[in-house]
Amino acid sequence: MIIKKFQASTEKDAILQAKEEMGSDAVVLNIKTIKHKGLKRIFKKDIVEVTAALEERMPTAAIPTNAINLVADNDTTAVKSEEKSEDKSTAIEEKLDSLQEMLVNQMKNSSEKKEEKEEKEKNKEENTNFAFIQLVYSQLLENEVDEKYANQIISEVESSVKKESNMDTILSGLYQKIILKLGEPESIDSEEKKSKVVFFVGPTGVGKTTTIAKLASDFKLDKKLKVAMITADTYRIAAVEQLRTYANILGVPIKVVYTLEELNEAIDEFKEYDMVLVDTAGRSHKNKEQCEEIRHLIKDCVVPEDTGKDIYLVLSAATKYKDLINIVDVYDEIGKYKLIFTKLDETGTLGNILNIRLKTGAPLSYVTCGQVVPDDIRLLDAQSLAKQLLGGEDKK
Ligand SMILES: Nc1nc2c(ncn2[C@@H]2O[C@H](COP(=O)(O)OP(=O)(O)O)[C@@H](O)[C@H]2O)c(=O)[nH]1
Ligand SMILES: [Mg+2]
């Protein structure tokens, strides 16, 4: 169908124009009087605009009844009387009004539908994001992240999730949040102090002695530092012998101490060493008194000037969260410590590392993942742990 508009000072002239150009088969779809605006209204006559259409093979019967068939009008009949023309004009104006109304309604409907559709799309996206956040939340719980911390992480990210956020941005937000919460893991030699006396405390059997052997090997063989060992774990002969064996293999001096005085003497004897690693007895975390003894040793021993006194609380990643909470409560007064997690190879869920880090505020440091000395130790990899907590495959 060809549709054209014709403007003239009268309706008749406009129709004539249409007929001349489009032929006698053309039908009038619409007639509109265009009124001038402002001052022009006074000086200029209104214009009539005719919209005509031509459907070449359209049978006459198919022509809309509200359309005016130009075929029916010849030159004379179309202009027969002014009165007739005026009647027709009014009728046409009415038709125009209703057509306009219809179009406006249609446009309104379609824009409403469009808005509805957009709203639906937005809701769909929001729902997908919500479902995704739920999935990540359950993944955190699956990895035994404490519900309290999982909620905290999710709500912090949720508040920054914009309507237009997609899964990628949400995931990277969560990932960054977890990495920030894990903090930068600190190695023993990362501070500027030259010499260090480093105490390893924690429950029996978590891997303190093995960890000391692993670190001593790295410090001595790889970092070429002067390393010495002290053991205050005199409750079991086997414990002393265990550390002595490692010391002999590595060729580092070792002292066994029973009292604070002996500890001070040993520290003084090793004052030229870069790194003095002190093993302590693994006390039952249920016995506050025994822990008090270790606290007293650490607090009251005297280290040379310019020598740092560091404490590392060694915990097994395979210990139940409830037990870990009791343990850190007991060691709470021991002084500022950093955290070492052992036995990562014995558990598939590492949420406790994040939980204890957040509960204590203590910096993370090393993790061990096997019994092999010296290989199975490394500085914690926060990126890898964050990925794993979010359900990634990055198990290490
Ligand atoms: N699977 C595994 N076993 C470990 C790890 N670290 C230590 N162990 C083992 O845990 C047991 C206790 O270790 P030990 O160093 O004597 O613990 P301590 O009582 O805290 O000094 C030993 O059999 C170690 O070989 C680890 O990362 N993974
Ligand atoms: Mg031990």
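**Cavity and sheet in a predicted model**

Visitor: How is the lining of the largest cavity divided by class?

Guide: This is a predicted model. The lining of the largest cavity includes 2 polar and 3 charged residues. The remaining class, nonpolar, has 6 residues.

Visitor: What is the volume of the largest cavity?

Guide: The structure holds 4 cavities of 30 Å³ or more. For the largest cavity, the volume is about 80 Å³.

Visitor: Which helix gives the largest share of the lining of the largest cavity?

Guide: In total, 11 residues line the largest cavity, and Leu344, Arg378, Asp381, Ser384 and Leu385 are the closest to its centre. The largest share of the lining is 3 residues, and these come from residues 382-389, helix H13.

Visitor: Which are the edge strands of the open sheet formed by 8 strands?

Guide: The strands follow the order E7-E6-E8-E5-E9-E10-E11-E12, with mixed pairing. An edge strand here pairs on one side only, which holds for strand E7 (254-256) and strand E12 (377-379).

Visitor: What is the bridge partner of tyrosine 312 in E10?

Guide: Strand E9 (residues 307-316) and strand E10 (residues 338-342) run parallel and are joined by 5 bridges. In E10, tyrosine 312 has as its bridge partner lysine 338.

Notes:
Residues numbered from 1 in each chain as written. Chains lettered and ligands numbered in written order. Predicted model: local features only at pLDDT ≥ 70, side-chain atom pairs only at ≥ 80, totals over all residues. Heavy atoms only, no water. 1 Å grid on protein atoms, 1.4 Å probe; cavity = no way out; pocket = protein on both sides within 12 Å on 5 of 7 lines; lining within 4 Å. Points joined across faces, edges and corners; volume = space filled by probe spheres on them. Helix = DSSP H or I, 4+ residues; strand = E, 2+ residues; numbered from the N terminus. Nonpolar A, V, L, I, M, F, W, Y, C, P; charged D, E, K, R; others polar. Pairing = 2+ DSSP bridges.
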